[in-house]
Amino acid sequence: MAPAARPSEESAGSIGGAAVFGGEPLSYTRFSLARQPDGDSSQVEMKLSAEDEEGGENGVINHLHAPSVKPRSSNRHLLCILTGVVLLFLIGFLIGYVSSRGRMQAATNSEGGIEPSLLKSTSQDAVCTKPLEDVSEEPEPVLYWDDLKKKLAEKLIMADFQGIIRTVSETSREAGSAGDASLADYLHDKFNDFKLDKVWNDEHYVRLQVPGSSSNEVSIEGSTGNEALEKPNAYVAYSESKTVSGKPVYANYGRDEDFRYLANRTVGSVILARAGKITFAEKVANAKKWGAIGVLIYPDPSDYRGLGDSIALFGHAHLGTGDPFTPGFPSFNHTQFPPVVSSGLPLIPVQTISSSAARRIFSLMNGEDCPTPWKGTLPVYKLTSAAGGINVKLQVNNELVEKKLLNVFGVIKGFEEADRYVVIGAQRDSWGPGTVKSGVGTALLLGLAHTLSAMVKTGGYKPRRSIVFASWSAGEFGAIGATEWLEGYASSLHLKAFAYINLDMALAGSGEFRFSSSPLLKRLLEETVNEVSKSSSLDNLQKTEVSFRLDDAAFPFLAYSGIPAVSFSFRDAGREYPYLGTTEDNLNSLLKVVGSSGLVNKGMRAAAEIAGRLALRMTHDHELYLDYKSYDNKLHELGTKVMAYRGDLKSIGLGLQWLFSARGDFTRATSALAHDISNTDLTNQVACRALNDRIMKVEYHFLSPYVSPKDTPLRHIFFGSGSHTLRAMLDHLSLLKTNKSAFDEVLFKNQLALATWTIQSAANALSGDIWDINNEF
């Protein structure tokens, strides 16, 4: 703040603290109407204040003093007053102009953009291959949406994504290792180099499972003796450490429908399942539910084309997200570990093996043949091993260790609502080189942080809301870094974070755009992909929506915290990337799958542009671009499915009127919100913020308030896990037609009540103030 103006020496005698004329104190302003000693106030004196005299020393205005004169007539008096007003306007204009020019020049000098050293691409520090725009350019006063899209695309052309991937992939970075910490420091430094408004780390202390001092081993026990089959270098984290032996049973992909086909044949067996379709944790949970004592998982050549037959996969078996030894609690250093463990731990041993080892087991099994759809490209597939056949012995020696993890953050603060933000995140750690697993996402994260910061610092963009960049650790163990952060700030994040964009594995092929999305973000994503596809010559891109995977970092944002989330990936159409979770996940493998270095660059730029546009759109518009009406469709789909059982429910005295009433209230609430938006001046920040608060909380209000976040952390009734979810209610309801004796009327009544009142609560919250809610049923 500038110091208060002091009177000049010329006027010191007339404005001293004790000087009075005619018994009255005199005030001194920039232009004064001064009282004369004889009491005649018709005389006019105009003085420039000390502040303006100092401005004159800078060469703007030296001094201005209108001498006192006796007015000869009233016209002359009026002329003097008008002259004073004009001079006041001119002086104010000149001072404002000089001050404004000085501030603009200072801003240009202080925000000079990215340091020259950061514009150089080296094998150790690859970010940009071309210099940014001339940083001496003045920011544009207004950037419209088309301007932003153009600027983003132009700047992304300069990003050297392959250089960053190569730098990241060269570093061994298992979660909690020295390499992981070193890469965290590298990202922290880069965020600072990019001039982000604030950069910080979060520390978490977690328990990870690693291979023990003795190797895990799989062997075959037969009538002619034992055969050591394999000692894989890969392992499955959070397996039970023990030794078991049992008859091998082939369970295809280990899905629940696969086990239903096998029925009781799995009891007491060691399951042999092929990787793919669902996560390791889901396969193991299904096996345990159906009575298995151990699980072996292998990559079938039909699903993992190009992968060597001696390579085993890495994964984890925790049916959940976060540290399984602090379920529902943040793993900060000051938090005492509670004496509980996650119910998602398998409690049976699990190990991955190579396709070569699986081939050997199949060749020794002497039981019945398996269904044709279960067969891959191995020479032989058997369902079971008959009496007198082989047993498989599984020995797992994994150990628990405590590790310190670092999540790294940087933020570009919004200019109007800095406390509202979109989070863009990527996993940093990996088992093995992890080029696609974490290198691609980390490269995109750095490239977007660099590009978006430059657009704000030197490109003239002023986002209304903030953009947070996050690098997570321990993603390989079940999105631990992301989940622990969500748990640590559970009471506030849903009030501030309005979306999460996941960058993990965003490029793993070409030809298909595969995505998982909250309904609130789906329309924006589809519009963005269509536009980018045209500009990037990807017109024939196949678009496929898939369910969120349990090990997707976007999943806990949505299902645990109620924050709209999106995850996407370019893939080969109908194929999985075959090298995930192996020592072969390197840049050469990615180049081989995608086709060429040029296609990798093209795919990375397209992925960056999609994520960048999503973030820019949600920070540019007055109204948050979240499709709050999308859940109307989801609820109508629910109603259609439930109506198929209306007669069955009526026969046992149950009705659906309250569920349909809640659904109707939600539809009316979304219509009322749309009406309020169309009748509100969105340039009014207070009114616009109030409407956006209602929009951004839609997702959160689908977290069931009737189950414990500690015992049932994934509370979302559409995307969560547990008996409170709509999917669980529909599955239970289906028993009325498939197995009526298994239908539990009391349980269903509870499920129906929880679902009804969760939907009603969401409708009430969306309606706004309590006096706008109509609860007259």
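This is a predicted model: local features need pLDDT of at least 70, side-chain atom pairs count only at pLDDT 80 or more; totals for chains, interfaces and linings use all residues.
Let's start at alanine 263, in the loop between helix 7, residues 256-262, and strand 11, residues 270-274. Alanine 263 has a phi near 55°, a positive value in a residue other than glycine. For background, most residues other than glycine have a negative phi. And is alanine 263 buried, exposed or partly exposed? With a relative accessibility of 31%, alanine 263 counts as partly exposed.

Tyrosine 238 is not a glycine, yet it has a positive phi of about 70°. You'll find tyrosine 238 in the loop between strand 8, residues 236-237, and strand 9, residues 243-246. What about its surroundings? Tyrosine 238 has a relative accessible area of 3%, and the cut-off for buried is under 20%, so tyrosine 238 is buried.

Let me step back to the protein as a whole. It has 22 helices and 23 strands. Of its 777 residues, 52% are buried. If you take the contacts with a separation of 6 or more, 77% of them are between residues 24 or more positions apart. The accessible surface comes to about 33900 Å², and carbon and sulfur atoms account for 51% of that.

Now, helix packing. In general, two packed helices are described by the angle between their axes and the distance between the axes. My example is helix 10, residues 435-457, which packs with helix 6, residues 178-193. Their axes are 10 Å apart, at an angle of about 20°. Angles under 35 degrees count as roughly parallel, and helix 6 and helix 10 are therefore roughly parallel to each other. Their crossing is right-handed. From helix 6, the residues involved are Tyr186, Leu187, Lys190 and Phe191, and they meet Thr442, Leu445, Leu446 and Ala449 of helix 10. In that contact, six residues are nonpolar, one is polar and one is charged.

Helix 10 also meets helix 5, residues 161-169. How do these two cross? Here the axes come within 9 Å and cross at roughly 130°, and helix 5 and helix 10 are therefore oblique to each other. This crossing, too, is right-handed. Helix 5 brings Phe161, Ile164, Ile165, Val168 and Ser169 to the contact, and among their partners in helix 10 are Thr442, Ala443 and Leu446. This contact divides into eight nonpolar residues, five polar and no charged.

To finish, let's go back along helix 6 for two residues. Alanine 181 is in helix 6, and at 32% relative accessibility it counts as partly exposed. In sequence, alanine 181 and lysine 404 are 223 residues apart, yet from C-alpha to C-alpha they are 9.1 Å apart in space.

Histidine 188 is found in helix 6 too. At 18% relative accessibility, histidine 188 counts as buried. Which residues does histidine 188 touch, leaving out those up to four places away in sequence? They are Val199, Trp200, Asn201 and Val408. Histidine 188 and phenylalanine 409 are 221 residues apart along the chain, and their C-alpha atoms are separated by 7.5 Å.

That's my tour, and I'm happy to take questions.

Key:
Residues are numbered from 1 along each chain as its sequence is written. Side-chain values use heavy atoms; hydrogens and water are left out. Helices (H or I, at least four residues) and strands (E, at least two) are DSSP runs, numbered from the N terminus. Buried means under 20% relative accessible area, exposed over 50%, partly exposed in between (1.4 Å probe, protein chains only). Contact means heavy atoms within 4.5 Å. Accessible areas come from the Shrake-Rupley method with a 1.4 Å probe; for residues, only the protein chains shown count as cover. Axes are lines fitted to C-alpha atoms, for helices over the stretch in contact, and angles run from 0 to 180 degrees between N-to-C directions. Angles under 35 degrees count as roughly parallel, over 145 as roughly antiparallel, 65 to 115 as roughly perpendicular and the rest as oblique. A crossing is left-handed if the near helix is turned anticlockwise from the far one by less than a right angle, and right-handed if clockwise. Ala, Val, Leu, Ile, Met, Phe, Trp, Tyr, Cys and Pro count as nonpolar, Asp, Glu, Lys and Arg as charged, and the others, Gly among them, as polar.
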